Each structure stands twice: as C-alpha cells, then as structure tokens.
Amino acid sequence: MSTETPTVALTPGAALPGWSLPITPTLVVSTAIATRDFQDVHHDRDVAQAAGSKDIFMNILTSTAFVERYVNDWVREQTGEGAVVRGIAIRLGAPAYPYDTLTFTGSVESVEDGVAVLKVTGSVSLGDHVIGTVKVAVA
C-alpha cells in the first residue's frame with residue numbers, strides 16, 4: 001500500500017457516478033455483527049417491530065462504511081489507488097430496511113490546500129438515508 005497521496009483531477013461541481021446496493025436481511029444482520037453492534041433492532045425483526053420500526057434496519061457504522069467505499073471506489077477509478085480519507089461527517093435520515101435499494105450520488109464541493117470535500121447522499125425509497133461530506137487528500 002502506498003503512503004503517498006494519490007493525484008486526483010477534481011473540479012468543484014463535478015458529479016460522481018451513482019452506485020446502487022440492494023439491501024438484504026443478510027446484509028443488515030451480517031454488517032451489524034461485523035461491526036460488533038449487537039443492538040437487537042439490527043438482527044431481530046420482532047424486537048425491531050415492537051420498538052416501532054417496520055423491520056430490522058442498517059446501523060450507522062455500516063452506513064459510514066458504505067459512504068467510504070463509494071468515495072474510495074471512485075478515487076481508485078480515477079487514480080488506480082485508494083483514497084486517503086481525511087474525514088467523514090454524516091447524518092442519518094430515513095431508515096435503510098431490507099428489500100430496498102441504497103443508491104449513492106455525490107459531487108465535488110470544493111478543493112483547497114490539497115483536500116477535496118465531496119458531498120455524498122445515500123437514498124432509499126423513503127428518502128435520504130445518509131447525507132454528509134467526505135474529505136479526501138489530493139495532490
């Protein structure tokens with residue numbers, strides 16, 4: 001793995017290509033367990049529904065990881081190397097339930113002092129699931 005900052009030609013306003021991910025019960029449960037989030041609303045439908053949810057739902061650690069993957073895959077496509085992420089700031093909105101699709105879109109907000117700020121949105125059928133920014137080092 002290279003420790004050098006990858007060179008990415010970024011222009012404010014440029015759009016990242018979309019990426020869609022089907023949400024399955026297995027995805028929700030396995031990623032919750034993988035992130036050591038044993039909160040029952042992420043793996044037990046009965047408990048989630050008793051708590052007022054329609055179904056089990058994706059946890060914030062998984063949502064954050066998919067935001068990072070979306071950006072990292074795009075940078076890798078541009079440079080041949082993974083992104084050097086300097087920060088991620090997100091907020092959650094609509095829940096991401098099984099049998100829905102999580103669709104990511106993004107754009108370059110700014111590029112200053114070797115850091116690009118990318119705006120990222122992950123949407124489901126109920127609305128925006130995750131909105132935020134990712135700071136990526138650029139040369």
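Mentor: Happy to! Let's begin at the loop between α1 (25-34) and α2 (45-50), where R36 lies. Keep in mind that this is a predicted model.

Trainee: Okay, R36. Is it buried or exposed?

Mentor: R36 counts as exposed, because its relative accessibility is 66%. Its backbone is worth a look too: phi of R36 is near 60 degrees, a positive value in a residue other than glycine.

Trainee: Where is D113?

Mentor: Look in the loop between β3 and β4 (115-124). D113 is exposed, with a relative accessible area of 79%.

Trainee: Changing topic: how many salt bridges are there?

Mentor: The count comes to 2 salt bridges. In one of them, the side chains of D55 and R45 meet at 2.7 Å, N to O. D55 is in the loop between α2 and α3 while R45 is in helix α2, so this pair ties together parts that are 10 residues apart in sequence.

Trainee: Are those two buried or exposed?

Mentor: They differ in label. D55 counts as buried at 7% relative accessibility, and R45 counts as partly exposed at 36%.

Trainee: What about R69 and D73?

Mentor: Their side chains also meet in a salt bridge, at 3.3 Å from N to O. Both residues lie in helix α3, 4 residues apart, which is about one turn of the helix. R69 counts as partly exposed at 40% relative accessibility, and D73 is partly exposed at 36%.

Trainee: Now the rings. How many aromatic pairs does the structure hold?

Mentor: It holds 3 aromatic pairs. Take W19 and F104: their ring centres are 5.5 Å apart and their planes are at 20 degrees, so the pair is stacked. This pair links distant parts of the chain, with W19 in strand β1 (residues 15-23) and F104 in strand β3 (residues 100-112), 85 residues apart.

Trainee: Which other ring stacks with F104?

Mentor: That would be Y70. The ring centres of Y70 and F104 are 5.4 Å apart with planes at 25 degrees, so this pair is stacked as well. Here too distant parts of the chain are linked: Y70 is in helix α3 (residues 60-79) and F104 in strand β3, 34 residues apart.

Trainee: And how buried are F104 and Y70?

Mentor: F104 is buried with a relative accessible area of 0%, and Y70 is buried with 4%. Ring pairs link W19, F66, Y70 and F104 into a cluster.

Trainee: Back to helix α3, then. What does S63 touch?

Mentor: Leaving aside neighbours within four places in sequence, S63 is in contact with M58, L92 and H129. S63 is found in helix α3, and it is buried, with a relative accessible area of 0%. For a sense of distance, S63 and Q78 are 15 residues apart in sequence and 23 Å apart in space, C-alpha to C-alpha.

Trainee: You mentioned L92. Where does it sit?

Mentor: L92 is in strand β2 (residues 85-92). It counts as partly exposed, because its relative accessibility is 36%. Together with I60 and L61, L92 forms a nonpolar patch on the surface, with about 250 Å² of accessible area between the three.

Technical notes
Residues numbered from 1 in each chain as written. Predicted model: local features only at pLDDT ≥ 70, side-chain atom pairs only at ≥ 80, totals over all residues. Heavy atoms only, no water. Patch = residues over 30% accessible without salt bridge, like charges linked within 9 Å, V, L, I, M, F, W, Y side chains within 5 Å. Areas by Shrake-Rupley, 256 points an atom, 1.4 Å probe, with all protein chains shown as cover. Salt bridge = Lys/Arg side-chain N within 4 Å of Asp/Glu carboxyl O. Helix = DSSP H or I, 4+ residues; strand = E, 2+ residues; numbered from the N terminus. Buried < 20%, exposed > 50% of the residue type's maximum accessible area, 1.4 Å probe, protein only. Phe/Tyr/Trp six-rings, centres within 6.5 Å; stacked < 30°, edge-to-face > 60°. Contact = heavy atoms within 4.5 Å.
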